[in-house]
Amino acid sequence: IGLGIPAEPLFRSRSESTQEIQTYFDNIKHSSPKSVLLYSFGDNTYGQLGYESSLTKTPKIIQSLSSKKIISFSSGKAHSLALTSRGQIYCWGANVCGQLGIELKKDLGFKNPFILKSLNQIKIKTISCGDGHSLALSYNGDVYSWGAGGCGQLGHDDIYSLKIDNEYEPYLDYPKMNENF
């Protein structure tokens, strides 16, 4: 995943300046959210592109999210998250470390974006993906983290009580509020 293109055109003509791009995205942050269409391309080994194709060399819209009001997205090494204007998180891609916020399964990749139900009752403001972990910030200021935790990137004190994956690395397969903030 690499592109979030506004559902409404950014430009009316090619002569308009790049300053207007910055202004557009600033307005998304400071006014009512505008939705974006998500495009992805490249390797899809773990489903990180959000559709069935195994390799796509040209940008393609993630159709399953095209009717959603996506206001933000983030990509990790092989997983992605998208945030709707209602504060819902859609997840897809690799889940080898629990980075999608669900229990690990033998099938490593999820090619179809799904709602992260465990945070469905919490209005999320922003999201971020790391290499094998994910973060969410709620409008209440609470930080939630999940996924790989071997280097302390989840921010929880109880790293040694986490589950251990096949490579003996600790992970958390559900979003957990960080009590340190």
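I call a residue buried when its relative accessible area is under 20%, exposed when over 50%, and partly exposed in between, with a 1.4 Å probe and protein chains only. My first look-up with that rule was Asn44, which is buried, with a relative accessible area of 1%.

**Ground rules**

I am working with a predicted model, in which local features need pLDDT of at least 70 and side-chain atom pairs count only at pLDDT 80 or more, while totals for chains, interfaces and linings use all residues. Residues are numbered from 1 along each chain as its sequence is written, and side-chain values use heavy atoms, with hydrogens and water left out.

**Entry: the overall layout**

I started with the secondary structure, taking helices (H or I, at least four residues) and strands (E, at least two) as DSSP runs numbered from the N terminus. Reading along the sequence, I noted the pattern β-α-β-β-β-β-β-β-β-β-β-β-β. Of the 181 residues, 41% are buried.

I then looked at contacts, meaning heavy atoms within 4.5 Å. Among those with a separation of 6 or more, 48% join residues 24 or more positions apart. For the surface I used the Shrake-Rupley method with a 1.4 Å probe, where for residues only the protein chains shown count as cover. The accessible surface comes to about 10400 Å², and 51% of it belongs to carbon and sulfur atoms.

**Entry: back to Asn44**

Where does Asn44 sit? I found Asn44 in the loop between strand 2 (36-43) and strand 3 (55-61). A polar atom of the Asn44 side chain lies 2.7 Å from the backbone oxygen of Tyr51. Setting aside neighbours within four places in sequence, I listed the contacts of Asn44 as Leu49, Gly50, Tyr51, Glu52, Ser53, Ser54 and Lys111.

**Entry: His79**

Next came His79, which is in strand 5 (residues 79-84). His79 counts as buried because its relative accessibility is 0%. For polar contacts I took pairs of N or O atoms within 3.5 Å; within protein, one must be able to donate a hydrogen and the other to accept it, and residues adjacent in sequence count only if both atoms are side-chain atoms. The His79 side chain makes such a contact with the side chain of Ser134, at 2.9 Å. A polar atom of that His79 side chain also lies 3.4 Å from the backbone oxygen of His133.

**Entry: the nonpolar cores**

A nonpolar core here is a set of buried Ala, Val, Leu, Ile, Met, Phe, Trp, Tyr and Cys residues joined through side-chain atoms within 4.5 Å. In the largest one, of 15 residues, those touching the most other members are Leu81, Ile89, Leu119, Ile124, Ile127, Ala136 and Trp146. At least two residues each come from strand 5, strand 6 (89-94), strand 8 (124-129) and strand 10 (143-148). Strand 8 gives the most, with three residues. A second, separate core has ten residues, including Leu49, Ile70, Ala82 and Trp92.

Beyond its neighbours within four places in sequence, Leu119 is in contact with Ile89, Ile124, Ala136, Tyr144, Trp146 and Pro175.

**Entry: cysteines**

How many disulfides are there? Counting a disulfide as a pair of cysteine sulfur atoms within 2.5 Å, I got zero. The sulfur of Cys91 is 8.1 Å from the closest cysteine sulfur, in Cys129, so that pair is too far apart for a bond. I also noted that Cys91 is buried, at 0%, whereas Cys151 is exposed, at 75%.

I count two strands as paired if DSSP finds at least two bridges between them. Five strands form an open sheet in the order 8-9-10-12-11, with antiparallel pairing. Strand 8 and strand 11 (163-164) stand at the edges with a single partner strand each, so one side of each has no neighbour in the sheet.

Strand 11 pairs with strand 12 (residues 170-177) over two bridges, and Lys163 has Tyr171 as its bridge partner. Strand 10 pairs with strand 12 over four bridges, and there Tyr171 is the bridge partner of Ala148. Strand 11 and strand 12 form a hairpin with five residues between them, and Tyr168 in the turn has a positive phi of about 65°.

**Last entry: Gly141**

I found Gly141 in the loop between strand 9 (133-138) and strand 10. Gly141 is partly exposed, at 41%. Its C-alpha atom is 8.5 Å from that of Phe181, 40 residues apart along the chain.
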